[in-house]
Amino acid sequence: MSIQPYTTSVTVTANRDWLASRHGTDSTETITLDLTKLTKNTHYVEPTATQPHGFIRSGVPVGRITASGLFAAYDPAAKDGREVFAGLVYAEAPFTPGVTKVPAALFWHGTVNTAKIPGGLDPAKIAPSPAGALIRFLGAVSA
């Protein structure tokens, strides 16, 4: 038997069209995302035979699940903590097949282009919360 280790690298191009200002980009927080509560092709791209790593899109709106402390897709109708808008995933977060928890950076204050947020977001549905994000939304509402 022969073991032949190899090295590979992954390059993900940052798509931060949703970001309207660099303010707040220097003070992101580290979070862990629950991949099972995100939507494939809207919030993340799965790994394939030609691309061994998937990635969660930059700009995905998230809330914190109270019971687990993990973050998942923001949902104003949820009753598990995700109804409090915590912020947006700042940078694409790569992951390998089979994982359900993905580390990421949380953009929790600054200015964003509403129409460019992946999966859409209606700022009018965000209930003010002392635990929520401090984000100013510009532009048309995304559907």
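In which sense do strand β3 and β7 pair, and over how many bridges? I looked it up: β3 (residues 54–56) and β7 pair in the antiparallel sense, over three bridges. Pairing here needs at least two bridges found by DSSP between two strands.

Ground rules before going on. This is a predicted model, where local features need pLDDT of at least 70, side-chain atom pairs count only at pLDDT 80 or more, and totals for chains, interfaces and linings use all residues. Residues are numbered from 1 along each chain as its sequence is written, and side-chain values use heavy atoms, with hydrogens and water left out.

**Entry: the sheet.** I traced an open sheet of three strands in the order β2-β3-β7, with antiparallel pairing. Its edge strands are β2 (44–45) and β7, each pairing on one side only. I also checked I56, and its bridge partner in β7 is A93.

**Entry: the whole chain.** I counted ten strands and zero helices. Strands are DSSP runs of E with at least two residues, helices are runs of H or I with at least four, and numbering goes from the N terminus. Of the 143 residues, 39% are buried (under 20% relative accessible area; exposed is over 50%, partly exposed in between, with a 1.4 Å probe and protein chains only). For contacts (heavy atoms within 4.5 Å) between residues at least 6 apart in sequence, I get 66% joining residues at least 24 apart.

**Entry: the cores.** I noted a largest nonpolar core of 17 residues, and I31, L33, L38, I56, V62, F71 and V89 have the most contacts inside it. Such a core is a set of buried Ala, Val, Leu, Ile, Met, Phe, Trp, Tyr and Cys residues joined through side-chain atoms within 4.5 Å. At least two of its residues come from each of β1 (29–34), β5 (71–73), β7 (93–95) and β8 (101–107). The largest share, three residues, is from β8. A second, separate core has 13 residues, including Y74, Y90, L121 and I126.

Back to I56: leaving out residues up to four places away in sequence, I56 touches a list that includes L33, L38, V89, A93 and V102.

**Entry: T111.** Is T111 buried or exposed? I have it as buried, because its relative accessibility is 9%. T111 lies in strand β9 (residues 109–113). Not counting residues up to four places away in sequence, T111 touches W18, L19, A20, S21, R136 and L138.
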